[in-house]
Amino acid sequence: MLSADFLNLEAEIDMINSSEADWFHLDVMDGRFVPNITFGMPIIAAMKKRAKKPFDVHLMIVEPEKYFEAFANAGADVLSVHIEVSPHMHRSMQAIKALGMKAGVAINPHTPISMLADVINDIDVVCMMSVNPGFGGQKFISKTIDKIKQLKQLIKDNGAQTLIEIDGGVTLENAAGIIAAGADVLVAGNTVFGSPDPKDTIKRLKQVGK
Ligand code: ZN
């Protein structure tokens, strides 16, 4: 939603509602973990009233555990926290699940996959950043493909059910390669909202996965 027209959020939400998209992806930035600042609970709660699909909330903030309950109340269905700012990941995953949400871990492009090894069975979704977090509209980092394969292996080796979500620089051109490497969920902001026919672009992205 970071790439949506904020002056016409209602129409943008309706477009997603009537499209083949599965989730809304909401990037919350605090100006501390990342240089940018986006939106927080009041905007998410307002959007939730109109939206008919789950809210996948990606927290790019320091001390995210302070706000788990607030984001649950605002309408988050999936809540992801960055491993780089969450030293007690097991505890965070349990706290998120106890509030009725799916628990996600987000990981920066240059953070090793091995950091996830001991908690992989507690994670519902790994949100793998394929650009450096902070801004929409960046180019996909190609090394991500190897990291997806590594992560898929880790999930298999542990018998986990974790979904792999790829966030940043996903396009109609690179989506097939990302899915072939093992991704389950694609986040597409600029590719969708920057296209002349966003709903058709979503449809085409969904076809890539079939
Ligand atoms: Zn995101």
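Mentor: Let's start with the geometry. Keep in mind that this is a predicted model. The 4 donor atoms around the zinc ion subtend angles of 89 to 163°, and that makes the arrangement irregular.

Now for who does the holding. The zinc ion is coordinated by H25 through NE2, H58 through ND1, and D27 and D167 through OD, at 2.0 to 2.2 Å. Read along the chain, these donors follow the spacing H-x1-D-x30-H-x108-D. H58 belongs to strand β2 (residues 55-60) and D167 to strand β6 (residues 163-167), so this pair ties together parts that are 109 residues apart in sequence.

Are those two buried or exposed? H58 is buried, with a relative accessible area of 0%. D167 comes out at 6% relative accessibility, so D167 counts as buried too.

Strand β2 covers residues 55-60, so have a look at F55 while you're there. The charged end of K48 sits over the ring of F55, 4.7 Å from the ring's centre.

Take F6 and F39: their ring centres are 6.0 Å apart and their planes stand at 70°, so the pair is edge-to-face. F6 lies in the segment before α1 (9-17), and F39 in the loop between β1 (24-29) and α2 (41-50), so the pair ties together parts that are 33 residues apart in sequence. F6 is partly exposed, at 45% relative accessibility, whereas F39 is buried at 9%.

Finally, zoom out. The chain has 8 helices and 7 strands. Its radius of gyration is 16 Å, close to the 17 Å that the globule rule gives for 210 residues, so the chain is as compact as a globular protein of that length. The C-alpha atoms fill a box of roughly 40 × 35 × 30 Å along the principal axes. Buried residues make up 50% of the 210 residues. Among contacts with a separation of 6 or more, 60% are between residues 24 or more positions apart. The link from H58 to D167, across 109 residues of sequence, is the one to trace on screen.

Definitions and conventions: Residues numbered from 1 in each chain as written. Predicted model: local features only at pLDDT ≥ 70, side-chain atom pairs only at ≥ 80, totals over all residues. Heavy atoms only, no water. Donors = N, O, S within 2.8 Å, 3.2 Å for Na, K, Ca; no water. Tetrahedral: all angles 85-135°; square planar, octahedral: opposite > 155°, others 65-115°. Helix = DSSP H or I, 4+ residues; strand = E, 2+ residues; numbered from the N terminus. Buried < 20%, exposed > 50% of the residue type's maximum accessible area, 1.4 Å probe, protein only. Phe/Tyr/Trp six-rings, centres within 6.5 Å; stacked < 30°, edge-to-face > 60°. Lys NZ or Arg CZ within 6 Å of the ring centre and 35° of its normal. Rg over C-alpha atoms; globule rule 2.2 N^0.38 Å. Contact = heavy atoms within 4.5 Å.
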